[in-house]
Amino acid sequence: MDIYTVSFFGHRELEEHTEIEYRLDQLLHDLITQKEYVEFLIGRDGEFDFFVSSVIKRSIRKYGCGNTHFTLILPYMKADYRDNEKQYLDYYDEVEICSESAEAYYKSAIQIRNRKMVDRSDMIICCIQHKSGGAYKTIQYAEKQGKKIINLAN
């Protein structure tokens with residue numbers, strides 16, 4: 001089976017929800033209907049992640065035919081996940097804890113996790129609206145790795 005992996009990155013705060021949602025829905029439609037199997041990787045560290053997760057879930061219901069997998073990648077064990085594991089597993093198909101970032105100093109853990117997600121991905125969908133912060137650094141890394149990048153903010 002040909003698995004196409006897509007990761008999502010964006011700033012903690014999101015602007016222009018309506019336009020970004022429209023662009024994202026179109027991209028997800030094309031991915032789900034044109035690829036044999038799509039694996040979506042997402043974090044849970046800001047407004048963009050929560051927003052994208054909601055759009056992914058809706059798109060899978062609308063366009064999916066059993067050819068998707070939706071994975072939350074945590075940088076380390078979080079108390080909220082530990083205390084609410086069932087609710088997480090009811091929402092995501094799988095929850096992974098990135099082993100490399102789980103062993104790192106907590107201030108660098110998210111960036112390490114993000115790079116591991118990029119390394120696994122065929123495509124990066126992002127919403128980068130300014131040239132600073134962790135999401136911006138992750139996209140710079142993805143560019144150096146030669147990944148296909150689509151910025152919803154453009």
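Reply: What follows covers salt bridges and a charged surface patch. Keep in mind that this is a predicted model.

Me: How many salt bridges are there?
Reply: The count comes to 10.

Me: Which residue forms a salt bridge with Arg-113?
Reply: Asp-45 does, with the closest N and O atoms 2.5 Å apart. The pair links distant parts of the chain, 68 residues apart. Arg-113 is in helix H6 (residues 106–120), and Asp-45 is in the loop between strand S2 (37–42) and helix H2 (47–63).

Me: Are those two buried or exposed?
Reply: Both Arg-113 and Asp-45 are buried.

Me: What about Asp-90, what does it pair with?
Reply: Asp-90 forms a salt bridge with Lys-86, closest N and O atoms 3.0 Å apart. They are four residues apart in helix H4 (residues 85–91), so about one helical turn separates them. Asp-90 is exposed at 53% relative accessible area, and Lys-86 is exposed at 58%.

Me: And Arg-23, which residue is its partner?
Reply: Glu-19, at 3.2 Å between the closest N and O atoms. Both sit in helix H1, four residues apart. Arg-23 is partly exposed at 26%; Glu-19 is partly exposed at 37%.

Me: Which residues are linked in a network?
Reply: Glu-39, Glu-96 and Arg-120 are linked by salt bridges.

Me: Switching to the surface. Which residues form the negative patch?
Reply: Glu-13, Glu-15, Glu-16 and Glu-47.

Me: Where is Glu-13?
Reply: Glu-13 is in the loop between strand S1 (3–10) and helix H1 (17–34). Its relative accessible area is 63%, so Glu-13 counts as exposed.

Key: Residues are numbered from 1 along each chain as its sequence is written. This is a predicted model: local features need pLDDT of at least 70, side-chain atom pairs count only at pLDDT 80 or more; totals for chains, interfaces and linings use all residues. Side-chain values use heavy atoms; hydrogens and water are left out. Patches are made of residues with over 30% relative accessible area and no salt bridge: like charges are joined within 9 Å, nonpolar side chains (Val, Leu, Ile, Met, Phe, Trp, Tyr) within 5 Å. Accessible areas come from the Shrake-Rupley method with a 1.4 Å probe; for residues, only the protein chains shown count as cover. A salt bridge is a side-chain nitrogen of Lys or Arg within 4 Å of a carboxyl oxygen of Asp or Glu. Lys and Arg count as positive and Asp and Glu as negative; His and the chain ends are not counted. The place of a charge is taken as NZ of Lys, CZ of Arg, CG of Asp or CD of Glu. Helices (H or I, at least four residues) and strands (E, at least two) are DSSP runs, numbered from the N terminus. Buried means under 20% relative accessible area, exposed over 50%, partly exposed in between (1.4 Å probe, protein chains only).
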